[in-house]
Amino acid sequence: MIDKHTIKVLEFGKVLNLIAGKTLTLLGKEQVLRICPLFDKAEIESKLTEISQMKDILNFGDPFPLVRIEDPREIIKKATVPEIFLEPSEFLLLKSFVMCVNELHGFSKDEREHFPVIDNYLTKLRAFPELIKDIDKTIDDSGEIKDSASKELRKLRNELIDKRRSIQRLLDKILSGSKKQSGAHDDIITQRNGRYVITIPSNMYRSDIGILQDRSQSGATLYVEPKEAVDVNNRIILLQQEERLEIIRILKVLTKEVAERSSALAENAELIGAIDRIHACANYSNEIKGAKPAVVEDAEFEFINARHPLLIEQFEKIKDVIPADISLDNSRQAILVTGPNTGGKTIIIKTVGLLLLMAQSGLHISADEKSTAGIFKNIFVDIGDEQSIEQSLSTFSSHINNIIRGLENVSTETLYLFDEIGAGTDPKEGAALAEAIILYAVKSGARLIATTHYSQLKTLPQHHPEIENASLEFNKETLEPTYRLQLGLPGSSYAVEISKRLGMPQEICNKALGLIGSGERSLTALIGELEAELGQVRLDKIALNERLEQASELESEYKTETTKLKKETDKEKEKALSETAAFLDTIRRDIERLVAEIRKSQASKESLKEFHNKMKKAQEEVKKRLDKMRKEPSLTELKAGDRVHILTLNKDGEIEQLLGNDKAKIKIGNIITTVELRNLSQSQAAPLKSYSRARPSAGIETSVSPEIHLRGMTVEEALEKLDKYLDQAVVAGLGRIYVIHGKGTGKLRRRLSDFLKQHPEVDSIRLGDWNEGGAGVTVVKLKD
């Protein structure tokens, strides 16, 4: 299990509470609050898939029929106790539960193939329409037992109605026959002790009138049951008792029906809880624009556009939360984050830790769907002020105790998240201790992210390539943080600059700058220059992407025009062939006619001469038509050695080899490239001699970009695309290209590197510098 301290500090419980607030049942809420990190890949992926499919239902399917219902488990359990019966209100609650189950069981059966995991839950639900029917027959919506519940009950109630009417008439008659004193209250028929009575002034009461049942608080009025009404009252009470016994019998029968289905109903309750849990998780994923990450066995991760989910809750718009790209794997084991206070360093490590806990718990994360999450057996966190007054520990001592406890479980499946590592003591000793801790964790194969202000730690990546610097961008003009994470670039604390902005006297700031060592000032200045250059690189990248989009649009236009031209050419050829066929048919008929005339005239000289003249003209016409067709031969007639024009490159070349019916290897000088036949046309130029590749002149534009993007592709897709791209880059005369493959697990980068090293046109390769994309980019130098 992951340490409870880690779960608390990373506020995983707050996320669960937010999800629990979206549940519709106590059953679902309990299951949400039991969510915890898992360590089995298949189980994690199953949980993630459940949420993905529920999101599809909520976003694209029919309205999901889950409604707010009470917890039925105690009622189901009570129904199994002998001689106990359920009350009508309990049956109504149970009815709501069963109705919800029935609706879910029958939900969208024609579309369930699109969400098989959710279908499995819905199919397992047991529908009991007969139970709803029996409850409806017995109990009305207000909780009263219906007359139709049994024949005996209807009979008893009918007699009760008759007896009540009878006693009303009897008492009315008694009251109307009695003398009324002046000033006395109106005569009233009411009930006392369950018996019908009349009111009599106390001074008029006599024992022979009837039985005294009650008196008013003042004593002035007595409630008397006339002796004529005793028998009828007795019968009414007896009927009421019989009615109650019949109702109990009916409720017991209905309770027995529930008891017989108790196991299935209890299973339904658990399933409803699971469905409600998934439903709430899917709603939460929609709220944070969450996505299902790819799960890998290794202890690594790559989060793209990651945002802290609790920050999303605080802001009205998700775009107000600045995203970050961050990853750790075998090639990058540790990241040291530097930068000013309040710049967002702590948020970065909290975001990483919380998203990993969510991913391992089978929850969608607030990051791009291309993100990857590995499985960590232990995540250790040391964040914030851990000072303990009870244990008489200083902040530094408390942090060190936490770190010592965390290092006891160091392994290749451990992630350490240290905030201000080594802080709280002498800076020189704290920096040395922090460096030793970081190197020990990295040497042990663990993953680590630490924030710090120590300049000494910023130099670690120079000697340890598995460690990388990172910083939070800071706007020096406004002296405000931008909260953007910059990998590969250390940051400065800007303590003096921020103090000056907050109102620190200029004299003190100048003195502080003078006290900072020259080396430290140089490093700060270098960081500032690097940040400025990085900003320019971002602008250049935006401009490059715009040009790439324009080039793609032009390529699409050229393809459209080429297709249109080919269709027109084919149409003209068909027309020419049709005309030639008609012409030959005419010649054939003329020849047949001349032969007949020759035979008839016995081959006179005039007939033979006319025949030869017509044959000569026909030959000339056929030759003219064939010459016209030879100028534009069909692409299907192309063969090795033919000169062709490559439409996409605007260059001539020679067919080296035909590849099937749609491609050919074309030799352009000393370069051989693969081109689709639809991008070729016949060339009338003379064969060119071999030549060395020359760079394009300044006046010639090329549509081939110096970048190729392969992120998100499989190895096979990437290799095929890179192979074609290299041919185009060579023909276009590019000297250097940038292969953008991302960092990920490193598998794609390694396979691409092996391919490039074997390619005959590649001179050398290297990983990109910090301002070129780092380990996510391979820079390729092509041969001259």
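The side chains of D214 and R192 meet in a salt bridge, with N and O 3.1 Å apart; a salt bridge is here a side-chain nitrogen of Lys or Arg within 4 Å of a carboxyl oxygen of Asp or Glu. This pair links distant parts of the chain, since D214 belongs to strand β3 (residues 210-215) and R192 to strand β1 (residues 189-192), 22 residues apart. Strands (E, at least two residues) and helices (H or I, at least four) are DSSP runs, numbered from the N terminus. D214 counts as partly exposed because its relative accessibility is 33%, and R192 is also partly exposed, at 24%. Buried means under 20% relative accessible area, exposed over 50%, and partly exposed in between, with a 1.4 Å probe and protein chains only.

The model is predicted: local features need pLDDT of at least 70, side-chain atom pairs count only at pLDDT 80 or more, and totals for chains, interfaces and linings use all residues. Residues are numbered from 1 along each chain as its sequence is written, and side-chain values use heavy atoms, with hydrogens and water left out.

By the salt-bridge rule, the count comes to 26. One of these joins D642 and K639, N to O 3.4 Å; D642 counts as buried, because its relative accessibility is 14%. Another joins K781 and D763, whose closest N and O atoms are 3.9 Å apart. K781 lies in strand β23 (residues 777-782) and D763 in strand β22 (residues 762-767), so the pair ties together parts 18 residues apart in sequence. K781 is partly exposed at 38% relative accessibility, and D763 is partly exposed at 44%. Salt bridges that share partners also join E30, D71 and R73 into one network.

The protein has 22 helices and 23 strands. Of its 784 residues, 42% are buried. Among contacts (heavy atoms within 4.5 Å) between residues at least 6 apart in sequence, 67% join residues at least 24 apart.

The largest nonpolar core has 100 residues, and those with the most contacts inside it are F303, M358 and I449. Helix α11 (residues 262-287) gives the most to this core, with 12 residues. A nonpolar core is a set of buried Ala, Val, Leu, Ile, Met, Phe, Trp, Tyr and Cys residues joined through side-chain atoms within 4.5 Å. Not counting residues up to four places away in sequence, I449 touches F301, I326, L328, I335, V337, I349, V352, Y416, L417 and F418. A second, separate core of 33 residues includes L719, Y725, L726 and V762.

R307 is found in the loop between β6 (301-306) and α12 (309-314). This residue is buried, with a relative accessible area of 18%. Leaving aside neighbours within four places in sequence, R307 is in contact with I312, I318, K319, V321, I322, P323, T351, L355 and S366. R307 and K319 are 12 residues apart in sequence, and their C-alpha atoms are 9.6 Å apart.

Helix α6 (residues 88-105) packs with helix α8 (residues 129-138) at an angle of about 150 degrees, with the axes 9 Å apart. Axes are lines fitted to C-alpha atoms, for helices over the stretch in contact, and angles run from 0 to 180 degrees between N-to-C directions. The contact is made by F91, K95, V98, M99 and N102 of α6 and by P129, L131, I132, I135 and D136 of α8.
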